[in-house]
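Open the structure in your viewer and keep the selection tool at hand. This tour goes stop by stop.

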Amino acid sequence: MSRPPLPPFTRETAAQKARMAEDAWNSRDPVRVAGAYTEDSRWRNRSEVFAGREAIVAFLTRKWEKEREYRLIKDLWAFDGNRIAVRFQYEWHDAGGNWFRSYGNEQWEFDEHGLMRRREASINDIAISEKDRRFHWPAPGPRPADVPGLGDSPF
């Protein structure tokens, strides 16, 4: 299976890959998201370390049961050859209605078919009030074209 764009990445194809990942994650469909990874993909997400598509689906299912009304923006940070780094922010609320904005960075490594074989994510959560939310598009679903990315400021 091939998942274009393929490495080595250019600025344009790395940004395209980041937006494709953002759109998939905003679908909140664990099977769709897992399809972008190799069968044996290795992950570190916060303090969890695991491998394989089944583990990815299980992780994302748990994640989106906890992180309700999840909306995400990813922006390209750097790229080289078969690697891409992104920064991201997402907003969500817990079962009690408490809102959070999560900030983070991911490092990705791809195989020759454009599937991600390694993902490392570092994430911090900040409690916000509902009035301070910035991501308001209908969810689940992709960020509309008229909603800007993170721009020059991460805050």
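Is Arg28 buried, partly exposed or exposed? Arg28 is partly exposed, with a relative accessible area of 22%. (Buried means under 20% relative accessible area, exposed over 50%, partly exposed in between, with a 1.4 Å probe and protein chains only.)

Before moving on, some ground rules. This is a predicted model: local features need pLDDT of at least 70, side-chain atom pairs count only at pLDDT 80 or more, and totals for chains, interfaces and linings use all residues. Residues are numbered from 1 along each chain as its sequence is written, and side-chain values use heavy atoms, leaving out hydrogens and water.

**Stop 1: two arginines in loops.** Stay on Arg28, in the loop between α1 and α2. (Helices are DSSP runs of H or I with at least four residues, strands are runs of E with at least two, and both are numbered from the N terminus.) Phi of Arg28 is near 55°, a positive value in a residue other than glycine. Now select Arg46, in the loop between β1 and β2. Arg46 has a positive phi of about 55° and is partly exposed at 30% relative accessibility. Most residues other than glycine have a negative phi, and most peptide bonds are trans.

**Stop 2: two cis peptide bonds.** Select Pro4 and Pro5: a cis peptide bond joins them, with omega about 0°. Pro5 sits in the segment before α1. Next, select Ala139 and Pro140, also joined by a cis peptide bond, with omega about -5°. Pro140 is in the segment after β6 (116-128).

**Stop 3: helix α3.** Select residues 53-66. Which residues of α3 are buried? They are Ile56, Phe59, Leu60, Lys63 and Trp64. The face turned away carries the exposed residues Glu54 and Glu65.

Zoom in on Phe59, buried at 5% relative accessible area. Phe59 touches Trp43, Asn45, Glu48 and Phe50, not counting residues up to four places away in sequence. (Contact means heavy atoms within 4.5 Å.)

**Stop 4: Asp75.** Select Asp75 in strand β3.

How values were computed:
The expected span of a helix is 1.5 Å times one less than its number of residues.
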